[in-house]
Amino acid sequence: MVNIGNGWDALLKDEFQKDYYLELRKFLKFEYSHYRVYPDMFDIFNALKLCDYGDVKAVLLGQDPYHGAGQAEGLCFSVKDGVEKPPSLKNIFKEYTADLGYPEPASGSLRGWAESGVLLLNTALTVREGQPNSHSGKGWEIFTDRVIELLNERERPMVFILWGRNARSKKALITSPRHLVLEAAHPSPLSASSGFFGCRHFSKTNEFLKSAGLEPVDWKL
């Protein structure tokens, strides 16, 4: 079955045996053998592989992977090195520069954030090429909701960053007063000017972590 290679394996072991997940697996087997599906099957769980349960400082929720060739790398909003930055990511970097004063990164890969404790989690972890949301409603949301619930249960505080309606709908799963929830509009060009720009979520995340006596995220890419 799935081997993530860190503390998530024990926490999600039962989840991988549940009927919904076994059905999802069958669906994915068919999709990967009949269509182009992103990300590469070996990258599906990159968000969890790069950010162990105990290391999570912040959770950034996306919807589903990029559906263009060569873009998705298993981390929400992130694209592989050398791939043109999609519009939402360009807006994320605009806010990053305005908030933190760092120059815009040359690469659109956010692996550095994942390695610094940011869980870059999509609510659906796969997508068929050219068909956004094509793997939504197939079981991934049950799985990723469980990931959010497990994080909510953790005693050490973290920050949940929810951009846009889809991400904000997960707020109901975050019930522990230990954690901070930050909400804003989606960074898409359609909505970024309606409350995403100026949200300062990067610096607010670190202010909260420091106030809790924890190491801040190293946002610099």
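In this predicted model, helix 4 carries a set of buried residues, namely Ser88, Leu89, Asn91, Ile92, Phe93, Glu95, Tyr96 and Asp99. The elements that cover these residues include helix 5, strand 5 and helix 8. Helix 4 itself consists of 14 residues and spans 20 Å from its first C-alpha to its last, close to the 20 Å expected at 1.5 Å a residue. Gly101 follows helix 4 and has a positive phi, near 85°.

Helix 8, one of the elements that cover helix 4, comprises residues 201-211. Its buried residues are His201, Phe202, Ser203, Thr205, Asn206, Phe208 and Leu209. Their cover includes helix 4 (87-100) and helix 5 (111-115), together with strand 2 (58-62), strand 5 (159-163) and strand 6 (180-184). Just after helix 8 comes Gly213, which adopts a positive phi of about 75°.

Attention may now turn to the nonpolar core. The largest such core contains 66 residues, and Trp113, Leu119 and Phe143 have the most contacts inside it. When neighbours within four places in sequence are left aside, Leu119 is in contact with Trp8, Ala47, Leu48, Cys51, Val56, Ala58, Val59, Leu60, Val147 and Leu151.

Phe143 also takes part in a contact between two helices. The axes of helix 2 (residues 19-34) and helix 6 (residues 140-153) come within 9 Å and cross at roughly 130°; helix 2 is therefore oblique to helix 6. Tyr20, Tyr21, Leu24 and Leu28 of helix 2 make the contact with Trp140, Ile142 and Phe143 of helix 6. The crossing of these two helices is left-handed.

Terms used. Residues numbered from 1 in each chain as written. Predicted model: local features only at pLDDT ≥ 70, side-chain atom pairs only at ≥ 80, totals over all residues. Heavy atoms only, no water. Buried < 20%, exposed > 50% of the residue type's maximum accessible area, 1.4 Å probe, protein only. Helix = DSSP H or I, 4+ residues; strand = E, 2+ residues; numbered from the N terminus. Contact = heavy atoms within 4.5 Å. Expected span 1.5 Å × (residues − 1). Core = buried A, V, L, I, M, F, W, Y, C linked by side-chain atoms within 4.5 Å. Axes fitted to C-alpha atoms, helices over the stretch in contact; angles between N-to-C directions. Parallel < 35°, antiparallel > 145°, perpendicular 65-115°, else oblique. Left-handed = near helix turned anticlockwise from the far one by under 90°.
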